[in-house]
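Notebook open, structure loaded. I want to go through salt bridges, a sheet, a loop residue and some helix packing.

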Amino acid sequence: VLVSPDGRLEAVGPDHGVPRPDGASSIGFPDAVLMPGLVNAHTHLELTGLRGRVPEADFFDWIQHVRRAKEALDEDAFFAAVRAGLQEAWRYGTTCVADTGTSGMAATVLSAFGGRGIAFQEAIGPRPEAARETLHRLRDTVTALRSQASTGVTVGVSPHAPYTVSRELYRRVAEYARAESLPVAAHIAESPAEVAFVAAGTGPFAESWRARNIALDARAASPVALLEEVGLLDGRLLAIHAVHTDQADIERLRRAGCALACCPRSNARHGHGEPPLARYLEAGLRLGLGTDSVASVEDLDLFAEARHARELAALSPEAALELITWRGAAALGLEQEIGTLAPGKWADLCIVRVDRHAAESPGQTPAAVLAAGAAGVVATYVAGRRVYSASPRTAGAVSTGSDTGAT
Ligand SMILES: [Zn+2]
């Protein structure tokens with residue numbers, strides 16, 4: 001690839017076909033595959049510090065643990081957590097994250113360190129009478145975050161989940177997002193407990209609302225039907241998880257043009273079930289994969305997520321890699337900017353060492369890359385800038401001149 005000084009791809013192709021302008025430096029990676037940087041469609045980078053620290057008896061319990069653990073964190077702790085999470089993502093070849101959080105730190109850290117992503121600011125509030133005030137605070141936070149966000153960073157909103165958001169708050173967030181053309185992400189249809197809460201008004205979430213004297217207004221035929229009723233289903237919605245959906249839900253999502261961020265390893269860890277990935281792909285839905293937080297899954301390894309998805313949906317290695325590259329980009333509405341190696345797109349690159357034989361036989365490359373996975377990543381670039389290298393001097397690289405400029 002030839003990268004322009006502003007970080008875009010100028011030319012892509014076999015080495016002999018890519019021009020080498022005078023003064024451009026060059027860097028080569030023998031026995032490695034040059035591929036688009038990976039797109040993580042769902043993370044909570046602010047929870048990176050909670051790795052291995054949240055016990056789980058059941059999902060309801062786990063959520064309370066996470067909430068209490070977060071209450072003990074201050075701004076510096078959130079900043080450090082997001083920064084550590086971003087560095088881990090880069091180390092694993094990920095160049096774009098769709099992150100949700102309450103601290104607002106993802107937008108700040110991504111902007112400060114030259115990362116790329118969408119930072120969805122969460123709105124939480126089960127009491128309808130508090131919805132107006134919650135939206136005001138959300139609006140103030142989003143306005144502030146947008147004013148300082150760098151080129152690669154988009155700010156969105158995320159009404160958290162049916163068991164933490166009133167109908168009234170859902171409606172207000174939907175209206176606000178439409179008026180401001182903001183991307184929206186929402187956890188939906190994740191657990192059997194959530195389905196029981198929405199469809200039957202039973203289970204631990206319903207008990208908790210009743211104990212707190214909160215009216216159960218979130219009832220609908222299904223979690224996805226609830227989002228449709230509150231006006232949230234449209235082309236700007238990224239539906240996170242979507243494990244428990246029936247054919248009617250899939251049709252609702254398809255009709256509205258929604259995208260999905262599925263996190264099969266997180267779902268397995270919590271015992272929530274398996275997202276119907278093959279049915280989503282058959283329905284033509286935009287679909288990416290996310291790792292969720294390290295409080296759910298121990299790492300931010302998207303290759304591992306792709307291998308898991310491959311098993312679930314009987315995908316080819318190539319199709320599994322598509323989920324964490326261009327399909328992920330399309331799920332985030334960023335398909336014009338990233339996701340493939342094409343002139344005009346950002347030079348977001350992931351370089352994976354594979355064995356020489358696999359590197360030289362195109363038919364075997366996808367399987368070799370998937371198998372090598374995160375451990376095989378030797379370098380990661382965002383907009384042509386190296387953000388990760390396996391060694392101080394980029395392991396195994398052959399370079400001439402400086403590799404920090406146009407390459
Ligand atoms: Zn999540």
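Which residue forms a salt bridge with Arg172, and how far apart are the closest N and O atoms? I looked it up: Glu168 does, with the closest N and O atoms 3.0 Å apart. For the record, a salt bridge here is a side-chain nitrogen of Lys or Arg within 4 Å of a carboxyl oxygen of Asp or Glu.

Ground rules before going on. I'm working with a predicted model, where local features need pLDDT of at least 70 and side-chain atom pairs count only at pLDDT 80 or more, while totals for chains, interfaces and linings use all residues. Residues are numbered from 1 along each chain as its sequence is written, and side-chain values use heavy atoms, with hydrogens and water left out.

**Entry 1: salt bridges**

Back to the pair I started with. Glu168 and Arg172 are 4 residues apart in helix α5 (residues 167-180), so about one helical turn separates them. Helices (H or I, at least four residues) and strands (E, at least two) are DSSP runs, numbered from the N terminus. I then checked exposure, where buried means under 20% relative accessible area, exposed over 50%, and partly exposed in between (1.4 Å probe, protein chains only). Glu168 counts as partly exposed because its relative accessibility is 25%. Arg172 counts as partly exposed too, at 26%.

Next I looked at Arg265, which forms a salt bridge with Asp299; their closest N and O atoms are 2.9 Å apart. This pair links distant parts of the chain: Arg265 is in helix α10 (residues 264-270), and Asp299 is in the loop between β12 (286-289) and α12 (302-313), 34 residues apart. Buried or exposed, Arg265 and Asp299? Both are buried.

For Arg20 and Asp15, I found a salt bridge between the side chains at 3.0 Å, N to O. Both of these residues, Arg20 and Asp15, are exposed.

I also noted a network of salt bridges that links Glu228, Asp249, Arg252 and Arg255. My count for the model comes to 16 salt bridges.

**Entry 2: a sheet**

I traced an open sheet of 4 strands in the order β4-β13-β14-β15, with antiparallel pairing. Two strands pair if DSSP finds at least two bridges between them. The edges are β4 (32-36) and β15 (385-389), each of which pairs on one side only. Neighbouring strands of the sheet are turned by 20° against each other on average, direction ignored.

Helix α2 (residues 75-91) packs on this sheet and touches β14 and β15, its direction making about 90° with that of β15. Contact means heavy atoms within 4.5 Å. Axes are lines fitted to C-alpha atoms, for helices over the stretch in contact, and angles run from 0 to 180 degrees between N-to-C directions.

Then the pairings themselves. β13 (residues 349-353) and β14 (residues 377-382) pair in the antiparallel sense over 4 bridges, and Val352 has Val377 in β14 as its bridge partner. β14 and β15 also pair in the antiparallel sense over 4 bridges, with Ala379 opposite Ser389 in β15. Which residue takes a positive phi in the hairpin of β14 and β15? Ala383 does, near 50°, and the hairpin has 2 residues between the strands.

**Entry 3: a loop residue**

I picked Ser150, in the loop between α4 (131-148) and β8 (153-159). Ser150 counts as partly exposed because its relative accessibility is 26%. Not counting residues up to four places away in sequence, Ser150 touches Leu110 and Ser111. I also checked Gly114: its C-alpha atom is 7.7 Å from that of Ser150, although the two are 36 residues apart along the chain.

**Entry 4: helix pairs**

At what angle do α6 (residues 192-200) and α7 (residues 204-211) pack? About 55°, with their axes 7 Å apart. α6 and α7 are therefore oblique to each other; angles under 35 degrees count as roughly parallel, over 145 as roughly antiparallel, 65 to 115 as roughly perpendicular and the rest as oblique. In this contact Ala193, Glu194 and Phe197 of α6 meet Pro204, Phe205, Ala206 and Trp209 of α7.

On the α12 side I listed Phe303, Ala306, Arg307 and Arg310, and on the α16 side Val369, Leu370 and Ala371.
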